[in-house]
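Please read it alongside the sequence and the coordinates.

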Amino acid sequence: MAQRPQSTSAQQQPFINLEEVEQLAKATLPKMAYGYFAAGAETEQTVGDNRSAFGQYRILPRILVDVSKVSTSCNMFGYSMAMPLLVAPMAMHGLAHSDKELGTARAAAAVNIPMCVSTMANMSLQEVAAQAQHPCMLFQLYVIRDRQIVEGWVRQAEAAGYKALMITVDAPRLGRREADERNRFRLPDHLHMANLQVLAEKRAAGQPGSTALLDARDSSHSSGLFELFAREVDDTLTWEAIPWLRSITKLPIYIKGVLSPADALLALQHGVDGIVVSNHGGRQLDYSPAALDMLPGVVAAVGGRLPVLMDGGIRRGTDVLKALALGASAVLLGRPVIYGLAVGGQPGVQQVLQTIQREFELAMALAGCKSVADIGPQLLLRCSADGLQPVAGRARL
Ligand SMILES: Cc1cc2nc3c(=O)[nH]c(=O)nc-3n(C[C@H](O)[C@H](O)[C@H](O)COP(=O)(O)O)c2cc1C
């Protein structure tokens, strides 16, 4: 059983970049928790590709631009955010730190970065919203078999003031994460997946149509989470889910987990409000392509009609600049946020977000960009066998 992580300390943590924070978290966290956060699917080829894809680009700076004032801010979801970056939806922050999702949300609010709360959070979506008072939170939806419960989450998200829904579509089953099998992943007794408690309650009330779930510890498979997904998440889901969701809510709908340009077009036709190019941080289909590699194709297919976001492998301010230059409206940051939480609770997350913002601001200044609007494909060169090649691209929305 994992031990309870350390409580919050207000001082700065000894990391100066987002790669170092992972090493600190690895040394801090129980093996099962670190394994769960860090793992990718099977050989972890996609995890590595997500990161190395950024290495294929060089940034061509423009000189003699007055960069005494650089603005990293932008507007999304009716919110003026510190930079084009969101906290990615991630399950079970409680495994990282006793501050749980609240620590992350308060840190994000303090630095003006939107946060997406996962269906599989250790706090209910209402608790996070009520206690964090973050002006821009999104709710990530897993569509489980029981649509009444999904609709209930949507109603709760609306009532709690969430600004958008992000439906995750790359996980009809859970990818095979060998670390979780090896460590026989279970939730420690002091944690539960608060939004899923309603399933257990329905079961207790003997309602038809609801299936058994208490939490990930009730399992015979070596990874409790794998089994929970197989039981509860709807693997019959098709494009019909988008108009259904549209019919029950006015909240903007972002679809997360798009890699193919053909799927991006279908998403557009089915009426989504935004697309997230993502392979779930390499945790689902091993050997799926790096998100950054698929970004230009999706941006071209969408043709400026919708915002396109991306995630996977963002670790540096220059990574954000590259993704924006390839047409992303914003990026999502995953694991480094959890690692910041693990090593320092809320202040640790704050430090992670401030670190990447400072790096992004410096990269913009050194590249000759005064505002996010100045970032475009003209800034990028792609490494190829014939040397560096200019990148032709489409402007961001
Ligand atoms: C520990 C962990 C839990 C995650 N949980 C979810 C989740 O509940 N829902 C979801 O849509 N994506 C989930 N993701 C995927 C992230 O939203 C995001 O796509 C990914 O972490 C981005 O890659 P990065 O970690 O390299 O930044 C999770 C990722 C991690 C690392």
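At roughly what angle do the axes of helix α4 and helix α5 cross? The axes of α4 (residues 100–110) and α5 (residues 125–132) cross at roughly 40° and come within 9 Å. This is a predicted model, in which local features need pLDDT of at least 70, side-chain atom pairs count only at pLDDT 80 or more, and totals for chains, interfaces and linings use all residues. Residues are numbered from 1 along each chain as its sequence is written, and side-chain values use heavy atoms, with hydrogens and water left out.

**Helices α4 and α5**
- On the α4 side the contact (heavy atoms within 4.5 Å) involves E101, L102, A105 and R106, which meet V128, Q131 and A132 of α5.
- The contact of α4 with α5 comprises four nonpolar, one polar and two charged residues.

**Helices α13 and α14**
- Helix α13 (residues 317–325) and helix α14 (residues 335–367) have axes that come within 7 Å and cross at roughly 60°.
- That makes α13 oblique to α14.
- G317, T318, V320, L321 and L324 of α13 make the contact with I356, E359, F360, A363 and M364 of α14.
- By class, this contact of α13 with α14 has seven nonpolar, two polar and one charged residues.

**Annotated site**
- An unreviewed UniProt entry places the feature "binding site" at Y36, Y142, R177, H280 and R283.
- H280 lies in the loop between β9 (274–277) and α12 (291–302).

Definitions and conventions. Axes fitted to C-alpha atoms, helices over the stretch in contact; angles between N-to-C directions. Helix = DSSP H or I, 4+ residues; strand = E, 2+ residues; numbered from the N terminus. Parallel < 35°, antiparallel > 145°, perpendicular 65-115°, else oblique. Nonpolar A, V, L, I, M, F, W, Y, C, P; charged D, E, K, R; others polar. UniProt positions renumbered as here; feature names shortened; annotations may be inferred.
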